[in-house]
Amino acid sequence: VLAELIEKFVSHLSESGTDCYFSTGNYKAMDADVKKENLSSVQQLGVEMTVRYGKYLNLLKEDAENGLCFVLMNCEEFLKQQQRTVVSPLCCLQERSVGYDWFASSIFLIMSGDREKTLTFLQQFSRLLVSAFLWLPRLHLSIHLPVTTVEYGIHPVYFCSAHHVEMLLKAELPLVCSAFHLSGFTPSQICLQWITQCFWNYMNWSEICHYIAICILLGPDYQIYMCISVFRHLQQDILKHTED
């Protein structure tokens, strides 16, 4: 039901000129015969983890690994068409991809391992503004960002979403904000980790699905509210750790 809901919603918005924030070219999927060996070692490890998790949730079948590799390779090629070349000593700008694609993997699980539906959804989704915040590889070296922003190597999620989380945290949860200040960590560092991984390893699967659906249906600002609500939920644990 969730897959059908977000699929129809994104398809409807992507056909509307007023809702399309990014322009995308025509991209045809590569050959379906994509092997895991074509991926980097980090991506291969991510594929193994995703498939193991998908089978544990009874969402994927035995041949799911090839399907996920197909999706990841095509996403990489599709996004390369919208990347600029940047000469920079920063390691994060030397690579064409930025780590493992947790969002694409999450959509693959939501679509029960259907690679065509996953790829179609991601291509349509990439036209919407919310894709910039939920799908982090979407804006890696992107032509849609000013050159100076790309050269800094800092993703907009960090200086938009994570920054606003810190601003709200001061007003909503001052004790949690103080605890972070004392620890030497910033809430934005933690939020960036959560958002990059689509809350994998932090929330259970139904909550991850709710996070993705809420942000798609209600807007990217709900990413910020979700982080604040998690900090509120963890407040007593955070304060206890601070005392200890």
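Hi everyone. A helix here means a DSSP run of H or I at least four residues long, and helices are numbered from the N terminus. With that in hand, let me walk you through this one, and please keep in mind that it is a predicted model.

First, the overview. Of its 244 residues, 47% count as buried. If you take the contacts between residues at least 6 apart in sequence, 75% of them join residues at least 24 apart.

Let's start with α4, residues 102–110. How many of its residues are buried? Nine of the nine, so α4 is largely enclosed by the rest of the structure. The names to look for on the screen are Trp102, Phe103, Ala104, Ser105, Ser106, Ile107, Phe108, Leu109 and Ile110.

Now zoom in on one residue of α4, Ser105. Its relative accessible area is 0%, and because buried means under 20%, Ser105 counts as buried. What does the side chain of Ser105 make a polar contact with? The partner is the side chain of Tyr100, at 2.7 Å. If we set aside neighbours within four places in sequence, Ser105 is in contact with Thr50, Leu68, Leu72, Tyr100 and Trp200.

Next comes α9, residues 174–183, where the buried residues are Val176, Cys177, Ala179 and Phe180. Looking down the axis of α9, you find these buried residues within an arc of 160°, so they line one face of the helix. As a reminder, an α-helix has 3.6 residues a turn, so residues three or four places apart point the same way. Which exposed residues sit on the face of α9 turned away from its buried side? Those are Leu175, His181 and Leu182. Just after α9 comes Gly184, with a positive phi of about 90°.

What do the buried residues of α9 pack against? There are four helices to point at: α8 (156–172), α10 (187–196), α12 (221–233) and α13 (235–243). Let me take α13. The α9 and α13 axes are 10 Å apart, and the helices pack at an angle of about 40°. Their crossing is left-handed. On the α9 side we have Leu175, Val176, Ala179, Phe180 and Leu182, which meet Gln235, Ile238, Leu239 and Thr242 in α13.

Is the crossing of α8 and α12 left-handed or right-handed? It is right-handed. From α8, the contact uses Val157, Ser161, His164, Val165, Leu168, Leu169 and Glu172. From α12, it uses Gln223, Ile224, Tyr225, Cys227, Ile228, Phe231 and Arg232.

To recap, then: α4 has nine of its nine residues buried, whereas α9 has its buried residues along one face and exposed residues on the face turned away.

How values were computed
Residues are numbered from 1 along each chain as its sequence is written. This is a predicted model: local features need pLDDT of at least 70, side-chain atom pairs count only at pLDDT 80 or more; totals for chains, interfaces and linings use all residues. Side-chain values use heavy atoms; hydrogens and water are left out. Buried means under 20% relative accessible area, exposed over 50%, partly exposed in between (1.4 Å probe, protein chains only). Helices (H or I, at least four residues) and strands (E, at least two) are DSSP runs, numbered from the N terminus. The arc is that of the directions from the helix axis to the C-beta atoms. Contact means heavy atoms within 4.5 Å. A crossing is left-handed if the near helix is turned anticlockwise from the far one by less than a right angle, and right-handed if clockwise. Axes are lines fitted to C-alpha atoms, for helices over the stretch in contact, and angles run from 0 to 180 degrees between N-to-C directions. A polar contact is a pair of N or O atoms within 3.5 Å; within protein, one must be able to donate a hydrogen and the other to accept it, and residues adjacent in sequence count only if both atoms are side-chain atoms.
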